[in-house]
Amino acid sequence: MEALEYLELPVFSRIHPSYLPAALKTLDARQADFSKNTVVLRTGTRSRRMGMVLKGSVTIQRLDYLGNRWLMGLGRRGEIFGETYALISQEPMMVDVVANEPCTILYLDLTHIFSPQLSREPWYPALLQSLLFLSAQKNLELSLHSFHTFPKTIRGRLLSYFKTQTLQNGGKATFDIPLNRQQLADYLSVDRSALSAELCKMRDEGLLTFRKNHFSLTPLGAAGLPEEE
């Protein structure tokens with residue numbers, strides 16, 4: 001990938017093109033390719049490198065001692081992961097980052113991101129602004145995840161999730177979700193079979209229609225969405 005092509009990515013979009021090669025060199029930018037289901041960043045790892053998805057997608061997940069998987073989020077092109085650990089601590093990673101499909105990851109070394117010398121670089125303020133914005137965006141997504149798992153029933157969790165999807169889709173009641181059925185079950189922390197059964201029940205009650213990851217809420221189903229997240 002040519003240096004100027006990185007300008008399409010959110011983390012570099014504020015940087016002047018003439019400064020980008022120097023920024024990439026200073027941050028020791030490195031690319032790596034991963035096949036599907038490969039662990040990109042493992043629980044317990046200590047790293048000063050932040051990852052960013054260039055191609056494909058990754059899932060951020062955690063396994064408990066019984067082997068149950070908890071899906072925390074999905075990282076797609078241009079999205080970052082591991083930045084909190086790389087920026088402010090040497091604490092071990094508490095989650096796994098796994099290739100959801102064949103993907104390409106760009107790693108940036110943030111070891112000296114707060115050093116006085118680096119702060120004098122002309123591209124530094126733009127990079128820091130982008131990192132702050134993207135990190136805040138990720139924190140919002142984690143907050144949404146906690147909202148979706150708060151209801152006690154599977155239907156309540158589905159309706160909370162569908163509410164967010166409609167809002168992110170401009171209020172439209174027809175949308176595609178980025179998760180397959182197993183991933184949706186892991187994201188909502190419910191059993192897949194129970195999730196599928198509840199979706200079929202909601203369909204039979206005339207609340208929605210669906211095919212794979214494409215959903216359409218009927219007026220009756222939309223009326224049942226929670227008022228607030």
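1. The buried residues of helix α4 are Tyr-124, Ala-126, Leu-127, Ser-130, Leu-131, Leu-134, Ser-135, Leu-144, His-145 and His-148, where buried means under 20% relative accessible area, exposed over 50% and partly exposed in between, computed with a 1.4 Å probe on protein chains only. Helices here are DSSP runs of H or I with at least four residues, strands are runs of E with at least two, and both are numbered from the N terminus. The expected span of a helix is 1.5 Å times one less than its number of residues; for the 26 residues of α4 this gives 38 Å, which agrees with the 38 Å between its end C-alpha atoms.

2. Please keep in mind that this is a predicted model, in which local features need pLDDT of at least 70 and side-chain atom pairs count only at pLDDT 80 or more, whereas totals for chains, interfaces and linings use all residues. Residues are numbered from 1 along each chain as its sequence is written, and side-chain values use heavy atoms, with hydrogens and water left out.

3. Ser-135 is placed in helix α4, and with a relative accessible area of 16% it counts as buried. Leaving aside neighbours within four places in sequence, Ser-135 is in contact with Ile-80 and Glu-83, contact meaning heavy atoms within 4.5 Å.

4. The protein chain as a whole has eight helices and eleven strands, and its C-alpha atoms fill a box of roughly 60 × 40 × 30 Å along the principal axes. Of its 229 residues, 42% are buried. Among contacts between residues at least 6 apart in sequence, 70% join residues at least 24 apart.

5. The largest pocket has a volume of about 900 Å³, and of the 36 residues that line it, Met-72, Gly-73, Leu-74, Lys-138 and Glu-141 are the closest to its centre. On a 1 Å grid over the protein atoms alone, a pocket is an open set of points where a 1.4 Å probe fits, with protein on both sides within 12 Å along at least five of seven lines, and lining residues have an atom within 4 Å of a point. Grid points are joined across faces, edges and corners, and the volume is the space filled by probe spheres set on the points.

6. Which element gives the most to the lining of the largest pocket? It is α4, with nine residues, while the elements that each supply at least two residues also include β4 (58–63), β5 (69–75), β6 (80–81), α2 (83–88) and α5 (154–168). This lining divides into 19 nonpolar, eleven polar and six charged residues, with Ala, Val, Leu, Ile, Met, Phe, Trp, Tyr, Cys and Pro counted as nonpolar, Asp, Glu, Lys and Arg as charged, and the others, Gly among them, as polar.

7. The second largest pocket has a volume of about 180 Å³, and its lining includes Lys-36, Thr-59, Gln-61, Arg-69, Asn-100 and Gln-183. Strands β4 and β7 (96–99) each supply at least two residues of this lining, which has three nonpolar, six polar and three charged residues. Arg-69 lies in strand β5 and is partly exposed, with a relative accessible area of 26%; not counting residues up to four places away in sequence, Arg-69 touches Gln-61, Arg-62, Leu-63, Gln-182, Gln-183 and Asp-186.

8. A search of the whole structure finds seven aromatic pairs, where rings of Phe, Tyr and Trp (its six-membered ring) pair if their centres lie within 6.5 Å, and planes under 30 degrees apart count as stacked, over 60 as edge-to-face and the rest as tilted. The rings of Phe-162 and Phe-175 have centres 5.8 Å apart and planes at 45°, so this pair is tilted. Because Phe-162 lies in helix α5 and Phe-175 in strand β9 (residues 174–176), the pair ties together parts that are 13 residues apart in sequence. Both partners are buried, Phe-162 at 0% relative accessibility and Phe-175 at 4%. Ring pairs link Tyr-161, Phe-162, Phe-175, Tyr-187, Phe-210 and Phe-215 into a cluster.

9. Helix α5 is followed by Gly-170, whose phi is positive, near 70°.
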